Amino acid sequence: MNIFVINILFTMLWGFILLAVSPNAQKRKLYIALMSINWILISGLRGLSVGADTLSYRRRFEHTLSTPWSALFENFYVVYVNEEGKDPGYAVFEKIVQIFTDNYQVYLVVVAAVFFIGLAFWIYRYSSEPCMSYLIFSSFLFGFYALTGLRQTVATVLVVFIGTRLIEKRKFLPFLLVVLVAFTVHKSAICFLPFYVLSRIPVNKKSILAVFCTTPILFLYNDQIFRVLGYLVGYEYDEIENRGAYGFTFMYIAVTVVMLILLKYIREKCPHYKMYYNALFMGLLFLPLVFVNPTAMRVVQYYSLFLMLSVPEIVRAFDKKTGAVIYTLMLVILFSASSVYNYEYVFFWQ
């Protein structure tokens with residue numbers, strides 16, 4: 001049994017112990033803390049062979065270690081004026097961590113801690129069912145945020161976990177600053193900027209019709225749109241054969257459709273429903289680009305995280321008895337989905 005299946009069982013077991021029987025705020029905090037520690041260890045203690053670019057990021061880490069601060073700041077001019085290289089803010093983040101440690105494995109733990117502590121606060125504040133949220137992460141989203149993509153992992157903490165709160169409080173200038181900082185860490189973060197306005201669009205027949213009419217058009221012209229967006233966010237890659245994310249796309253559309261069917265009931269119980277629906281809509285509009293080049297999934301990822309908040313609202317839309325059945329069914333589906341993944345994992349000492 002691989003570590004990810006064990007993690008799912010661990011997530012379900014503690015969810016039952018702490019959240020199913022006499023839940024309260026303290027148990028909720030304890031559960032989220034346990035999940036955070038669990039994922040920090042899995043992500044931070046992974047071997048260099050785990051994740052598509054863990055090893056290449058080590059080379060970058062070692063290069064930054066030998067680079068003086070002055071050169072790192074000069075690199076901003078090189079990137080944004082001379083248009084050479086990309087994401088100079090990430091090297092600054094590396095250098096800040098290197099003040100305290102020059103060990104790459106410790107660095108991986110730090111990045112994992114930054115991400116999963118941010119995720120913990122996000123889930124605690126916005127998720128109605130933390131266990132379900134972590135199960136969704138552990139079934140569909142962990143491969144990117146826990147095993148690879150260090151630059152975007154850091155950027156996500158800024159634009160999603162901090163940005164969501166700023167959007168909710170309508171603090172545009174701080175939000176803009178956060179997005180601009182994240183942009184220097186990973187260019188794709190700029191795609192979250194429009195969400196400040198779009199998150200408040202009323203979810204009604206007109207907006208729903210607009211989304212579902214626009215999506216087929218985006219599929220039709222996805223290649224042309226990708227070329228423009230790819231230049232903007234730094235994905236100027238040649239066409240490749242491995243395109244599309246069919247399983248994820250099917251799941252994403254299925255969740256969106258069910259959410260729309262239950263809109264009346266979710267609206268009554270969820271104060272943040274506009275944000276959740278509009279995040280799903282944004283992800284849906286970017287999905288056609290994945291069928292041009294899978295790197296476009298990096299843009300979808302910012303919005304797909306809201307699946308962790310949206311799916312629990314499906315359970316809450318039903319009465320207590322029916323909701324329990326739906327919840328159990330979802331647990332079975334998520335466990336089954338996680339079991340089919342064949343991720344090879346080793347700890348760094350193995």
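I count two residues as in contact when heavy atoms lie within 4.5 Å. The model I am reading is predicted.

**Entry: Leu 48**

I looked up where Leu 48 sits and found it in the loop between helix 2 (25-44) and helix 3 (54-65). Setting aside neighbours within four places in sequence, I listed the contacts of Leu 48: Thr 54, Leu 55, Arg 58 and Tyr 104.

**Entry: the whole chain**

I counted 18 helices and zero strands in the protein chain. The radius of gyration is 20 Å, and a compact globule of 350 residues would have one near 20 Å, so the chain agrees with that expectation. Along the principal axes, I noted that the C-alpha atoms fill a box of roughly 60 × 45 × 40 Å.

I looked at contacts between residues at least 6 apart in sequence; 79% of these join residues at least 24 apart.

**Entry: burial, surface and charge**

Of the 350 residues, I recorded 54% as buried. The protein chain exposes about 16,700 Å², and I noted that carbon and sulfur atoms supply 66% of that area.

For charge, I found 29 positive and 19 negative side chains in the protein chain. I put the centres of the two sets 14 Å apart.

Technical notes:
Residues numbered from 1 in each chain as written. Predicted model: local features only at pLDDT ≥ 70, side-chain atom pairs only at ≥ 80, totals over all residues. Heavy atoms only, no water. Helix = DSSP H or I, 4+ residues; strand = E, 2+ residues; numbered from the N terminus. Rg over C-alpha atoms; globule rule 2.2 N^0.38 Å. Buried < 20%, exposed > 50% of the residue type's maximum accessible area, 1.4 Å probe, protein only. Areas by Shrake-Rupley, 256 points an atom, 1.4 Å probe, with all protein chains shown as cover. Lys, Arg positive; Asp, Glu negative; His and termini not counted. Charge placed at Lys NZ, Arg CZ, Asp CG, Glu CD.
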